Amino acid sequence: MLYINCPHCGMRSQNEFSYGGDASVKRPELNKEVSDQEWDNFVYNRKSLRGKHLELWQHISGCRQWIKVERDTGTHEIFRTFKADEEVA
Amino acid sequence: MTQAFRIENGGLINKDRKLSFKFNGKTYLGYEGDTLASALLANGVHLVGRSFKYHRPRGFFGAGVDEPYAMVQLYRNGETEPNIKATEQELFEGLEAKSVNCWPSVNFDIGAINNFLKIFLPAGFYYKTFMWPKSFWYRIYEPFIRKAAGLGVASTKHDKERYEHKYEYCDLLIAGSGPSGLASAYAAAKNGAKVILAEDKPRFGGSLLTSDVNIGNQSGKDWAEGIIAELKTMPNVVVKNRSQIFGYYDHNMLVMSEKVSDHLPATKKYHPNKRLWYIRAKEVLISSGSIERPIVFGNNDTPGVMLSSAAKEYLKVYGVLVGKKPLVFTNNDSGYETAIEFKKHGVDPIVLDTRKKPESEIIDEAKNLGIKIKNSYVVVAAQGYKKVKSADIASISEDKKQLGEIENLKCDCICVSGFWTPTIHLASQSGNKTKFKEEIDAFVPGQSKQNEVTLGAANGVFSLDETLKTSFKAGSDLSKKITENDNEVAIPNVVEKKSSQHDKFWCVPLPKGKNYKRFLDFQNDVAVSDVEIALREGYRSIEHVKRYTTLGMATDQGKTSNLNGLQLVSEIENKVVPAVGHTTFRPPYTPVSIGAIVGREVGKHSKPTRKSPMHEWHEKNNSVFVDAGVWLRPRYYKKGNENLFEASKREAKNVRTNVGVCDVTTLGKIDVKGPDAAELLNRVYTNAWLKLPVGKARYGVMLREDGIVMDDGTTTRISENHYHMTTTTAQAANVLSHLEYYLQLVWPELNVNVVSTTEQWAGAAIAGPKSRDLLQKLFPNSDVSNEGLPFMGYMEGDLFGVKARIFRISFSGELAYEVNVESDYGNFMWEKIIEVGEEFNIQPYGTEALSTLRIEMGHVAGSELDGRTIPFDNALEGLVSKKKDFIGKRSLERSAFIAEDRQRIVGVVPLDKQTSIPEGSHLVKDDKAPLPNPKLGHISASCWSVEYDNPFSLAILKDGKNMIGQKLFAMSPLKNKVIPVEIVSSHYVDPKGERVRS
Ligand SMILES: [Zn+2]
C-alpha cells in the first residue's frame, strides 16, 4: 500500500486516495476549435509508461483535494507531491 | 498411551500439565508446550499423511514453518480448518486432527497404487494427459483428481470466529527474535525508538533455544529470556510471539498475522481468533534466520527422514527423540551438533559425513563423546515404506561421482543436514536484488530497495559473535537516526564453537541399476527425474521449469527445495547457480487464513449501511427493503399476503389516481455556492443555466468528456449565488469528485464551492392528482396553486413549525412535489404527510412502484444511463445546447454518435399484451435466425403498466427513431423466452407531459 504525502494533510495511506490518471493532460479551452486528433489525445490517448509519471490523486477520504504525485510506475517510488495549482518544475 | 520417545529430563515443555488429544481417531497424551508434531513424535507416530501426487507415506520433515508434509485437518471447538502444519499447531486439551490427502485412510491409500504400479506422474503429466479427449475432463479426470489428490477440506459452515485488523506505525520493525532480532531490538529500544519485535513461534529466542552457546556468561537461552523480559517492560516496545510477518509491500508496509487463539481449545470471549497487523515501519530489520537444506538421496521422502536441525529442536525444546537408532547424514558441522545432543541423552548415533577429513571443535567434541563417524560416506537410499527401517549407505569418491559397495545399516531415522539457506523472502518481496554467495551456496540480500536491513543468518552470517556485533550496531545506528539518542549498549562476550567449511555436495548419485526416486520438492512430489524431463523437453528459464514441474509451487513455497532445484538445473545446464537465478518470492511467506485477510468486513459489515431518517417508520409499516448502493430503500410496503408484483401495482395505481409518498432522501444533494456557480453549472450541464431565475428548478444532464451521459437530476436556484443540485443515488459521490476535479484543476479561476448535503436533508416525493390538495393542507400559509408554485418552481414553507423546501418536480410524470426538511425532522415530516394525506387516500410507495411510474412515462434512469449512452440515445438531445460549450460536447461530433441509424430509446409492448419481457432480453428481427442472431437492441427496463394494465418495457434500439410500429422479437436465452413485440414510443403515458403542468 502506497504512502502518499498529501501536501495539505501529510503522510497518508493509499486507501484514503483515489487515482485520477495522467496529470500532464491539459483540457482544451472551452469554445475553441479543436481538431479530431487533439480531442482524441485529450480524451483517449494516454502513454502507459514505465518510469517517472506525474499523476493525479484525490484525497477523497481526507481533505478532498486533487493533488499531483510524481511516481515511478515500475518501482512505485514517490518522488514529490504537489498541490493542484503548484507548478511542477 | 505411553510417550515412549519422551526423554526423562530436558525440553522446555511443562511436564506438570498433561494434555489429551486425538489423531486419526486415536487418543494420545502430550504436554503443555508441545506442538501437535512433537506430541505425535513423542508417541512414536511418524506417519501423518500422503504426498500430493503419488500418495507416498509422509512424516515430519521439519519442526516449524519450513515443514513441507505434515499438514492436517484440525478440529477445534466445533469448527474445522484444513492444511494446518502439525509442526506449528500448538497442542491444547481436546485437540483433534486428521490426515489430509489420503483416501480412504492414511494407512491404506488407494492413490498409492499409482506408486506401486509405477504409473509415475512425471513432469508436465497434467498438461499432457488430461488434455484429451476433451469430454473426459468433467466426467473422469477432474472428479478423480479432486478425490485422489488435493489437500484438506474447507468448512462450508459460517465461520464463528472473529478476526481483527490493526494499523500500526513504528520506527523499527524487527522480523524474528533470534540473536540478531534480540540484539537489534534491544539496542534500538535503548535509544528510545518505537520498536515492534515479531516472532512466529510461541517461544522467543530462535536458534538460541537449541544451540550450545554462551552469551555474557549465560546460556544463549537464558540470555534471550533476559532480553525479552526487559523489552517487555519498556513502553516503547511491542513484543509479539505467534506472529508471522508474511508480506513486505510498498513503502515499508508490512503485514503480520498474529495467532491470538489457535493455541487454546476455544477462543476467549471478546478475543479475535487472529489479528492482522498492517505495520508502516520507518526501518525494517529482517532477522528471519535460515532454514536447513536437505541432501537429496533415494527415497528421501520416507517417514523418519528429517532435517537434522528439526531432530535437535524436537530434542532440546520438546524433549522428544525422533528415533532411538539415529543416522546423521551431513555435509557440514551442524549434523554433529544433533549427534552430540542424541549422545548426551543416551542414544548412540552414527554420523555419515560427505567430507574426507573435516576438523573442528565440534567434531572433536563428537569424537571425544565416542560418536561413530564415517567420513566420505553417503546415504544412497532410505529403506522402509511407512517408516525408515534401514539405510543403504556407501562410500563416495573424492569427485563425488563414484559410489563404493553398498552396505545396509539398521536405523530408525535419518537426520539430514545439507548446510543452511538464509530466509530471504521478506528482503526479496521488498524488491531487494539478491545475490549468490559462493561460500554458503545460497542467495543473500544484496542492495536494499526499501528501508530494509537483513541481519545474522538471514544475511548469510552464521557466526554468533559476528551476528551479535552487527545486529547491536544496526539497531543502534538506525534508531539513532530517528530518535537522535545515542545510548551505548555493551556487547556481551560470546563463547561458541568454531565450525569448519561445509562440503558443496547436495545430491547423491544413483547407484548402477537402481532407479530410486530422489525428491527435491516434498510437498509437490517433484523428483530429480522430473526436472531432468523438463530440461530435456526444452524448458530453460527457471520460472518455466518451476511451472512445468510445480517445483517450489506448493504451500511451503519451496522453503526446503528451491536451492537444490537450482543446483540441479545449473548442473545439467552447465551454468553457475546465479546465472540460473532464483524464482520470485511473493507474499505470503506462509499461508494466511482467508478469515484473517477479510477481518471484520463480513456479512452486514462488508459495506456500510445507510438508512434514511424515516427508516423506522418504513420498518413498522411492513416495508420490504432493497439495497440501493449502500442505502436501504423500501421496495414495497406489504399488505396482507401481497407479493412484490401485487403490492407495487397497487402503490403505483394509487399514485396515478390519488396520491402517494416516496422516501427520496437517498438522492445525492450538492450545495453549489459562489458568484460563478451559474457558470460552473453551465459548463457541467449540457443545457443553458445562466438565465435560471431564483426560485426555479431545472432538469439537467451532465456528460463525461467522452460524450457519454454521466448523470442527470434537477438543480434549483435557492438564492442569487446558491444552487441546490441533486444527483442520482448511485452517482452522488462520483458527481462531487467530478465537480471538484474541474474546480480545482481545470477552472480554478471559477469562484465556487461545492459540498455534499445528501445527509443534511430528508426528502419526500408527493405525487398524484391529489398532491396539490395535500400540499395545501400541509402548508396552509403558502400559495401552492399552479400560479403560486408552477411546474419547476421552488419555495420555502412552514410545515407545522418546521422549515421546509418545496420543489415542484416530478419523476413519476404526475403532478408532484418534493418536500425537504433537515434530516432530524424527516420522520416528523413523513408522519405529518401520512396523517394529513389520509383523507386523500395517500399510500407510501417503494422503489418498485417508482420504477413502474417512470418507465411508463419514458423517463430514463440508471438502466438507460448505463455508461454507454449519449443524450440522443435517451431522447434527451433537446437538452443539448448548440450555443455554448460544455464538458463532453466536442465528443458528440464523433461519427458514430451522429450516425443516421444511431440507437435510441423506444417503448416495447408484447403482442399478446400478457407476457412480461425479461430485462436484458435482446431485440432481434428473426427469432429463427442462426446464431449469433444479430442484436438490434436490448430491453433496459420492464414494468407492468398500471395505466394500460399490460406489460411495458423500455429498450435501447438501433435506429430506434425509425422503428416505431415495427414488429420484432424479444429473446432471452437465460429465461428461455421468445416474445413477439411491437415497438412504440417510449412516452407510453401522457406523451405531451400535461399532468406535471396541471
Ligand atoms: Zn489531504
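**View 1. Asn820(B) and its contacts.** Setting aside residues up to four places away in sequence, Asn820(B) touches Lys669(B), His724(B), Trp761(B), Ala762(B), Gly763(B), Lys803(B), Ala804(B), Arg805(B) and Phe807(B). The model is predicted. Asn820(B) sits in strand β43 of chain B. Asn820(B) counts as buried because its relative accessibility is 2%, and the cut-off for buried is under 20%.

**View 2. The six-stranded sheet around β43(B).** This sheet of chain B is open and runs in the order β41-β42-β43-β40-β34-β44. Its pairing is mixed. Six bridges link β41(B) to strand β42 (residues 802-807) of chain B, in the antiparallel sense. Gly797(B) has Ala804(B) as its bridge partner in β42(B). Ala804(B) is also among the residues that Asn820(B) touches. In a regular strand, side chains alternate between the two faces of the sheet.

**View 3. Helix α22(B) across the sheet.** Helix α22 of chain B spans residues 826-837. The helix lies across β34 (660-663), β40 (761-767), β41, β42, β43 (816-822) and β44 of chain B. Helix α22(B) runs at about 15° to β40(B).

**View 4. Phe23(B) in strand β1(B).** Phe23(B) belongs to strand β1 (residues 14-23) of chain B. Phe23(B) counts as buried because its relative accessibility is 3%. Neighbours within four places in sequence aside, Phe23(B) is in contact with Tyr28(B), Leu40(B), Val45(B), Leu47(B), Val48(B), Val72(B), Ala97(B), Lys98(B) and Ser99(B). Lys98(B) is 75 residues from Phe23(B) along the chain, yet their C-alpha atoms are separated by 5.7 Å.

**View 5. The strand partners of β1(B).** Strand β1(B) runs antiparallel to strand β2 (residues 26-32) of chain B, joined by seven bridges. Lys18(B) stands opposite Tyr31(B) of β2(B). The two strands β1(B) and β2(B) make a hairpin with two residues between them. In the turn, Asn24(B) has a positive phi of about 45°. With strand β7 (residues 96-99) of chain B, β1(B) runs parallel, and two bridges join the pair. Here Phe23(B) has Ala97(B) as its bridge partner in β7(B).

View 6. Asn524(B) lies in the loop between β30 (519-521) and β31 (526-527) of chain B. Residues up to four places away in sequence aside, Asn524(B) touches Phe52(B), Lys53(B), Thr550(B), Met553(B) and Ala554(B). Arg56(B) is in the loop between β3 (49-50) and β4 (57-58) of chain B. From Arg56(B) to Gln450(B) is 394 residues in sequence and 43 Å in space, C-alpha to C-alpha.

**View 7. The interface of chain B and chain A.** The contact draws 30 residues from chain B and 27 residues from chain A. Together the two chains bury about 2,400 Å², with 52% of it on carbon and sulfur atoms. On the chain B side, His251(B), Gln744(B) and Arg890(B) lose the most area to chain A. These residues together account for 26% of what that side buries. Three salt bridges are found across the interface. Glu705(B) forms a salt bridge with Arg27(A), their closest N and O atoms being 2.4 Å apart.

**View 8. Helix α1(A) and its buried residues.** Helix α1 of chain A covers residues 36-43. Its buried residues are Trp39(A), Phe42(A) and Val43(A). They lie on the same side of α1(A), because they cover an arc of only 85° around the axis. An α-helix has 3.6 residues a turn, so residues three or four places apart point the same way.

**View 9. Chain B as a whole.** Chain B has 23 helices and 50 strands. Its C-alpha atoms fill a box of roughly 115 × 70 × 55 Å along the principal axes. Of its 998 residues, 59% count as buried. Among contacts in chain B between residues at least 6 apart in sequence, 67% join residues at least 24 apart.

Terms used:
Residues numbered from 1 in each chain as written. Chains lettered and ligands numbered in written order. Predicted model: local features only at pLDDT ≥ 70, side-chain atom pairs only at ≥ 80, totals over all residues. Heavy atoms only, no water. Pairing = 2+ DSSP bridges. Helix = DSSP H or I, 4+ residues; strand = E, 2+ residues; numbered from the N terminus. Contact = heavy atoms within 4.5 Å. Axes fitted to C-alpha atoms, helices over the stretch in contact; angles between N-to-C directions. Buried < 20%, exposed > 50% of the residue type's maximum accessible area, 1.4 Å probe, protein only. Arc of directions from axis to C-beta. Buried area = accessible area lost by both parts, 1.4 Å probe. Salt bridge = Lys/Arg side-chain N within 4 Å of Asp/Glu carboxyl O.
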